[in-house]
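Visitor: I'd like to go through this model with you, starting with the overall fold and then moving to the packing and the charged side chains. Could you put it up for us?

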Amino acid sequence: MSFKKRAEAGHQGVCPGCGGGLIDAGQDLAVPGKRDTAGWKALAAVLGSGLTFHSGCCEGPGWRPRHPREVRERLAAAARSGVPVAEALSTPDLDELTRQAPGKS
């Protein structure tokens, strides 16, 4: 279940469906369609890594994977290179992650 709700200062919202805590994913979140299970899996991985969709001024939140394949590729590259998962999931260029591997320049 997803919905947009303005955050209240100092108060974590509660999901009306399950009663669990809400995640402040950011105002630039593009929610996958209800039946887009691949999109929901990718979004869960992104949010689970601590990344959000908050903008910085005019630049937006940056690139985020939208498909499980993109998530898998970046997680594998992070494991090979030693790059933190959140950084790997926000890097659009897989070659850039490979160049960041220890001992490579």
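Visitor: How many helices and strands does the chain have?
Guide: The chain comes to 4 helices and 0 strands, and along the sequence these follow the pattern α-α-α-α. Helices (H or I, at least four residues) and strands (E, at least two) are DSSP runs, numbered from the N terminus.

Visitor: And where do the coordinates come from?
Guide: This is a predicted model, in which local features need pLDDT of at least 70 and side-chain atom pairs count only at pLDDT 80 or more, while totals for chains, interfaces and linings use all residues. Residues are numbered from 1 along each chain as its sequence is written, and side-chain values use heavy atoms, with hydrogens and water left out.

Visitor: What share of the residues counts as buried?
Guide: Of the 105 residues of the chain, 26% count as buried, where buried means under 20% relative accessible area, exposed over 50%, and partly exposed in between (1.4 Å probe, protein chains only). The accessible surface of the chain is about 7,100 Å², and 53% of that surface belongs to carbon and sulfur atoms; the areas come from the Shrake-Rupley method with a 1.4 Å probe, and for residues only the protein chains shown count as cover.

Visitor: Which residues make up the largest nonpolar core?
Guide: That core has 9 residues, namely Ala25, Leu29, Ala42, Leu43, Val46, Leu51, Phe53, Val71 and Leu89, and helix α1 gives the most to this core, with 3 residues. A nonpolar core is a set of buried Ala, Val, Leu, Ile, Met, Phe, Trp, Tyr and Cys residues joined through side-chain atoms within 4.5 Å.

Visitor: Let's zoom in on Val46, then: what does Val46 touch?
Guide: Val46 lies in helix α1 and counts as buried because its relative accessibility is 0%. Not counting residues up to four places away in sequence, Val46 touches Leu51, Phe53, Arg64, Pro65 and Leu89, a contact being heavy atoms within 4.5 Å. Val46 and Val71 are 25 residues apart in sequence, with 8.1 Å between their C-alpha atoms.

Visitor: And Leu51, where is that one found?
Guide: Leu51 is in the loop between α1 (37–48) and α2 (68–81), and at 11% relative accessibility this leucine counts as buried. Leaving out residues up to four places away in sequence, Leu51 touches Val46, Arg64, Ala86, Leu89 and Ser90. Leu51 and Leu89 are 38 residues apart in sequence, while the distance between them is 8.3 Å, C-alpha to C-alpha.

Visitor: Changing topic, how many salt bridges does the structure hold?
Guide: The structure holds 2 salt bridges, a salt bridge being a side-chain nitrogen of Lys or Arg within 4 Å of a carboxyl oxygen of Asp or Glu. In one, the side chains of Glu73 and Arg69 meet at 3.4 Å, N to O, and these two residues are separated by about one helical turn because they are 4 residues apart in helix α2. In the other, Arg74 pairs with Glu73, with the closest N and O atoms 3.4 Å apart.

Visitor: Buried or exposed, what about Arg74?
Guide: Arg74 is buried, with a relative accessible area of 4%. Salt bridges that share partners join Arg69, Glu73 and Arg74 into one network, in which Glu73 counts as partly exposed at 28% relative accessibility and Arg69 counts as partly exposed at 44%.

Visitor: Which residues is Thr91 in contact with?
Guide: Leaving aside neighbours within four places in sequence, Thr91 is in contact with Trp63, Arg74, Glu96 and Leu97. Thr91 sits in the loop between α3 (85–89) and α4 (94–99) and is buried, with a relative accessible area of 6%.

Visitor: Last one: what lies over the face of Phe53?
Guide: Arg64 lies over that face, at 5.7 Å from the ring centre; a charge sits over a ring if NZ of Lys or CZ of Arg is within 6 Å of the ring centre and within 35 degrees of the ring normal.
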